[in-house]
Amino acid sequence: MERPPATFQVHGPSLRKHRMSQGLTVQEAADKAGISRSYLQRLETGIRERMGPKRYTRLRTALQATDDQISPPPEIPTEER
């Protein structure tokens, strides 16, 4: 049986964009997810980049978001010179 990751990485700008597309203020989204406004702000500004599984799931559900919508974009490998 596979265990979920210990933490999930979120992408602040994507998180903010998705929250705003839902028409939610920071406070409204935080209330829906059961987290503090300041915690959500730290995620959106990139001060925090990782969340525990329970909080991550609650936030994703509150924003009606998929993993791809709030996770960091895949890194594009750069060519070495």
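Select helix α4 (residues 53–62), which supplies the largest share of the positive patch, 3 residues; helices here are DSSP runs (H or I) of at least four residues and strands are E runs of at least two, numbered from the N terminus. The model is predicted: local features need pLDDT of at least 70 and side-chain atom pairs count only at pLDDT 80 or more, whereas totals for chains, interfaces and linings use all residues. Residues are numbered from 1 along each chain as its sequence is written, and side-chain values use heavy atoms, without hydrogens and water.

Next, select R42, R48, K54, R55 and R58, which form a patch of positive charge on the surface. A patch takes residues with over 30% relative accessible area and no salt bridge, like charges being joined within 9 Å. Lys and Arg count as positive, and each charge is placed at NZ of Lys or CZ of Arg. Accessible areas follow the Shrake-Rupley method with a 1.4 Å probe.

Now move to helix α3 (residues 37–45), where R42 is found. R42 is partly exposed, at a relative accessible area of 32%, a class lying between buried (under 20%) and exposed (over 50%).

Finally, display the whole chain. Its 5 helices and 2 strands follow the pattern β-α-α-α-β-α-α along the sequence. The C-alpha trace spans about 50 × 35 × 20 Å along its principal axes. Of the 81 residues, 30% are buried.

Terms used. Patch = residues over 30% accessible without salt bridge, like charges linked within 9 Å, V, L, I, M, F, W, Y side chains within 5 Å. Salt bridge = Lys/Arg side-chain N within 4 Å of Asp/Glu carboxyl O. Buried < 20%, exposed > 50% of the residue type's maximum accessible area, 1.4 Å probe, protein only.
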